Amino acid sequence: MPEHLTNRTLVAVHGNFASAAWWRDLVSRPPAGWQVLAPDLPGFAGTPHGGDVSIPAYADWLGDWIAERNLDRPVLLGHSLGGAVVLDLAARAPDRYRALVLAAGAPLTGLVTPEENYPVLEMLRGTPALLEMSLGALFPSGRPADFGAYVEDGGRMAATHYSGNARALSTWSVDPDRLAGLPVLVMGGELDALITPDMVRAQARALGVPATVQPGVGHGFPQEQPDVFRAALATFLDSLP
């Protein structure tokens, strides 16, 4: 990897039932002067997984992944569950990262899934039509061109993750004071029923930054309107010291 890019790298982390495929457009067309790298977290899209199903365990893995690539203070971007992962990692040593971008990131106090929803989560395993319908609902303004890859990768998620990730989010939290001084961009989608605009604004308030709520889009807003998302991201990256 060229040395000049190691300190201008954005690591994009996907959410639940997702994969690196969600970031293909951003990887291929990054903000000017930056490179974007996107891993598949353990147990997602066929990535091997043999440890705990927990946010701290995913953050451990991500920290090792970054270290193996000798990245110098990358910007961390997390979507949904990926937001919890990057928050957990950054809170351990904020000086190792240049900034955080939270795109419909999980609330700082965790996200509780009602018990009656767990059988539905398990039904998604081995029911491609139901998985496709559930993922499609995340893009109310229109499915991305590569939506088929999202469904395929979602179906390759480890069996432990269907209920396990929801349990992991319900027991996780992070202290915003541990992130003091770290530049943060907080974004969400106006039509997001999972990480609602109110949740996005509450997260931003706790972190002491403004919230950006994109109109007319849902939970998958970075993929629904990639050019709008990229422009907001570029503005934020250009503002970094």
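In this predicted model, helices α2 and α3 cross in a right-handed manner. Two packed helices are described by the angle between their axes and the distance between the axes. Here, the axes of α2, which covers residues 55-68, and α3, which covers residues 81-92, come within 8 Å and cross at roughly 70°. Since angles of 65 to 115 degrees count as roughly perpendicular, α2 is therefore roughly perpendicular to α3.

From α2, the contact draws on Ile55, Pro56, Tyr58, Ala59, Asp60, Leu62, Gly63 and Ile66. On the α3 side, their partners are Leu81, Ala84, Val85, Val86, Asp88, Leu89 and Arg92. Sorted by class, the contact of α2 with α3 comprises 11 nonpolar residues, one polar residue and three charged residues.

Stepping back to the whole chain, the protein contains 10 helices and six strands. The radius of gyration of the protein is 16 Å, close to the 18 Å that the globule rule gives for 241 residues, so the protein is as compact as a globular protein of that length.

As for annotation, an unreviewed UniProt entry places the feature "domain: AB hydrolase-1" at residues 10-232.

Technical notes. Residues are numbered from 1 along each chain as its sequence is written. This is a predicted model: local features need pLDDT of at least 70, side-chain atom pairs count only at pLDDT 80 or more; totals for chains, interfaces and linings use all residues. Side-chain values use heavy atoms; hydrogens and water are left out. Axes are lines fitted to C-alpha atoms, for helices over the stretch in contact, and angles run from 0 to 180 degrees between N-to-C directions. Helices (H or I, at least four residues) and strands (E, at least two) are DSSP runs, numbered from the N terminus. Angles under 35 degrees count as roughly parallel, over 145 as roughly antiparallel, 65 to 115 as roughly perpendicular and the rest as oblique. A crossing is left-handed if the near helix is turned anticlockwise from the far one by less than a right angle, and right-handed if clockwise. Contact means heavy atoms within 4.5 Å. Ala, Val, Leu, Ile, Met, Phe, Trp, Tyr, Cys and Pro count as nonpolar, Asp, Glu, Lys and Arg as charged, and the others, Gly among them, as polar. UniProt positions are given in the numbering used here, feature names are shortened, and annotations may be inferred rather than shown by experiment. The radius of gyration is taken over C-alpha atoms; the globule rule is 2.2 Å times the number of residues to the power 0.38.
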